[in-house]
Amino acid sequence: MNNIKMITEFFGLSSSYTDKMGKSHNTTNEIREEFLKSLNYSSDKLDIKNFVWENGISPTISFFKSDDKLIDIYVPTSYLKNEIRYTFSNENKNFQTKKIEKYKIVERKIINKINYSHIRFKVEFPSAFDYYTLKINIGKFNLESFIIYAPDCCYFPENVEKNKQKLLGLGVQLYALRSKSDMGVGDFSALQKLIKQVSKIGCDFVGLNPLGAMYKDSIYDVSPYRTLSRQYLNYLYVDLSIEEDFKKSPYVQKYISTPTFKRQIEILKNSDIVDYKSTLNLKLSILKKMYKYFCEKREKSSQWKKFLKFKDDEELINLCLFETLLETNDDFWQNWNTDLKNSNNDNRKILIKKNKRKIDFYAYCHFIAELQLNTTIKLCKKLKMKVGLYLDLPIGAASNGVEVWQNQNAFAINMDIGTPPDSIRPKGQTWGLCPLKPFYLQKDYKIFIHLLQKSMKSAGALRIDHALGLMRLFWVNQNGKGAYVNYNLKDMIAIICLESNKNKCIIIGEDLGNVPDGFREYIASHKLLLNKILFRQKDKDGAFLSTKNYPYFSLSQVSTHDQATSCGFWVNSDIEANNDCNLYPKVSQYKTSLKERQKERFAFIKALEKQNCFYKNKSEFKKYVNGEDVPMNLEYSFNMYGAKTSSCFYMIRIEDIVRQTSMQNVPSTVEKYPNWRIKLPFMVEEFETDANFKNFFKQIKSCRL
């Protein structure tokens, strides 16, 4: 019998970890037992000493182009008197069966009185990068493995790399955009107007928050990183007014002409924060009227056949069924009755047949969203933007979302993803996301592959949120206790490299947090762009790094959505928000943060002086060095510094341009702060004639040369 430490390590659980503050933590047996329970295993029934030997071959093996193509198998020694033959196959064909002429015996072992041999041999791969099934035959002994054969690196435009071009982008929270025609939330039309403007003044890409489908009754918990689904769009972002079914439907026109509707729209548009529940439900009421018209005119509609093709998608139907069930059930599917909670195929077919009309309606909503996103992508190509849309993939699936509901065996349902405590978040974090089981993944990566395929098809670049999760994730139980769980980094990166090249999609790995040794070097070697945040790039003495010290294959930016804007950083907005939300366990930690920020302001002034990045009012920086006010043109100076870095990508936050001080999101809060709801103070149309907007880009673009 193996001890529990050995068993849990075999399945990926680390026995200890060191947090960002240098403190070591040992994994307790209580956490180990709970970890095994989450995998549906029990420590008293497991014997893993001979697991690999008795299974014969790893269920998944990944290879990069430059790797030696060596296969390890474990077989009863008596079978080695037979020929060893192997065949590769993929979705399209079976390749020629080949014979192994020689192999190396690596190790021998006796198991239950049977002699086994661990042997290694070289195989010849098909020429194309792809996913393959490898079948090995030794007499009556047969083995099978899933093979990932990938390019060494992610896709990156050859001409950009060859000429060491430095690209410029704008980061936008789509919900925050205002426009003359919006219904209380930013939409694809507002985005298209912004893209037209910034492409004229030197932008190569526009970065967006995750666009996944959301809960229609959410009031506070509206994080775009925790959604119903990461694979399908949030139709909240649809501009209904441009659709034919909106313009021509008599039901819609009658509805929007009522005083009640006009009053509601005025309230939603004039609010400085997004009211997701009211806005989404208002749009759904219009979409229902649009869909009624669409069905009545289907034979005359140019979109009808496209719609039928679009909804011929099992995962989309599952999402639409899930949305239908949410109409009359709790937001947490874990609280549903047994028939609904059970998402097996037979039960699902009954539910789909019973709820067909509503399912088709929700499919229509997603269809319209998909059409408008595709129009946006075409616009980026028409304007010849070098990258286009930079999209964002959350690291985990929402615990109460459709991804977990329809794949319950793949996820550790009773666990959360988060981070251990650190100096910025002394209480640690939990994100309401459910982790995939690493051992399940190694047996079947299809769920991860399909997610990447869906995410990359619309993206010129894709940011992988918390990319550390490709190597390890911090699992947290319901009592707030946690430990790191390891994943097969090589498999994950090989899949990413393969899909990146298939979709011609640049990949950014968000590498912030408690970074394991060697992680950054490994992903950088495969051309995942590192994510460099100016506010965090400091040497051991606290000085901000020179712009020359940024690696070329990286994306740099002043800060992210989880951190202070340029102006907010200067006046401690993030520290004050954390304190107001009771995120500092001790008053002393709050005061220490303020003292550290004072040092950072002095350090940034020195950095700006060295790089000659002051834009006009240099004296104001020293005048307001205590953070009592924001210096004039601070947003220029900070972004000029960032733009001068060696990074191939630099992204401006639109909040910096408008001198916003409030944070978009305070991690570890839900109701205490208006996360993901703060709108921009200007309409998109105003940027077209705003001299400061154009001048800002002119100055920052000049620093990229």
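What you're looking at is a predicted model, where local features need pLDDT of at least 70 and side-chain atom pairs count only at pLDDT 80 or more, while totals for chains, interfaces and linings use all residues. Residues are numbered from 1 along each chain as its sequence is written, and side-chain values use heavy atoms, with hydrogens and water left out.

Let's start with the rings. Searching the whole structure turns up 60 aromatic pairs. Rings of Phe, Tyr and Trp (its six-membered ring) pair if their centres lie within 6.5 Å; planes under 30 degrees apart count as stacked, over 60 as edge-to-face and the rest as tilted. Take F10 and F439: their ring centres are 6.0 Å apart and the planes meet at 50°, so this pair is tilted. F10 belongs to helix α1 (residues 4-10) and F439 to helix α16 (residues 438-443), so the pair ties together parts that are 429 residues apart in sequence. How open are the two partners? F10 is partly exposed at 28% relative accessibility, whereas F439 is buried at 15%. For these words, buried means under 20% relative accessible area, exposed over 50%, and partly exposed in between (1.4 Å probe, protein chains only).

F129 and Y149 make another tilted pair, 5.0 Å from centre to centre with 55° between the planes. Here F129 sits in the loop between β8 (114-122) and β9 (130-138), and Y149 sits in strand β10 (residues 141-150), so the parts tied together are 20 residues apart in sequence. F129 is partly exposed, with 30% relative accessibility, while Y149 is buried at 8%.

Rings can also gather in a group. Which residues do ring pairs link into a cluster? They are Y291, F294, W304, F307, F310, F361, Y362, Y364 and F367.

A charge sits over a ring if NZ of Lys or CZ of Arg is within 6 Å of the ring centre and within 35 degrees of the ring normal. R348 lies over the face of W405, 5.6 Å from the ring centre. R472 has its charged end over the ring of Y484, at 3.8 Å from the centre.

Now for a pair of helices. Two packed helices are described by the angle between their axes and the distance between the axes. Helix α21 (residues 573-580) packs with helix α22 (residues 587-610) at an angle of about 175°, and their axes are 10 Å apart. The axes are lines fitted to C-alpha atoms, for helices over the stretch in contact, and angles run from 0 to 180 degrees between N-to-C directions. That is why α21 and α22 count as roughly antiparallel to each other; angles over 145 degrees get that label, under 35 is roughly parallel, 65 to 115 is roughly perpendicular and the rest is oblique. On the α21 side the contact is made by D574, I575, E576 and N579, and on the α22 side by Y590, S593, L594 and R597. Contact here means heavy atoms within 4.5 Å.

Next, a few residues in their surroundings. N355 is in the loop between α13 (345-354) and α14 (356-382), and it is buried at 18% relative accessible area. Leaving out residues up to four places away in sequence, N355 touches L321 and T324.

Q408 is in the loop between α15 (402-406) and β17 (416-419) and is partly exposed at 24%. With residues up to four places away in sequence not counted, Q408 touches W333, K341, S343, I413 and K437.

R85 is placed in strand β5 (residues 84-89) and is partly exposed at 32%.

Finally, a look at the backbone. Most residues other than glycine have a negative phi, and most peptide bonds are trans. K527 is not a glycine, yet its phi is positive, about 60°. K527 is in the loop between α19 (519-525) and β24 (529-533) and is buried at 19%. S668 also has a positive phi, near 75°; it is in the loop between α25 (654-657) and α26 (684-687) and is partly exposed at 36%.

Note on methods:
Helix = DSSP H or I, 4+ residues; strand = E, 2+ residues; numbered from the N terminus.
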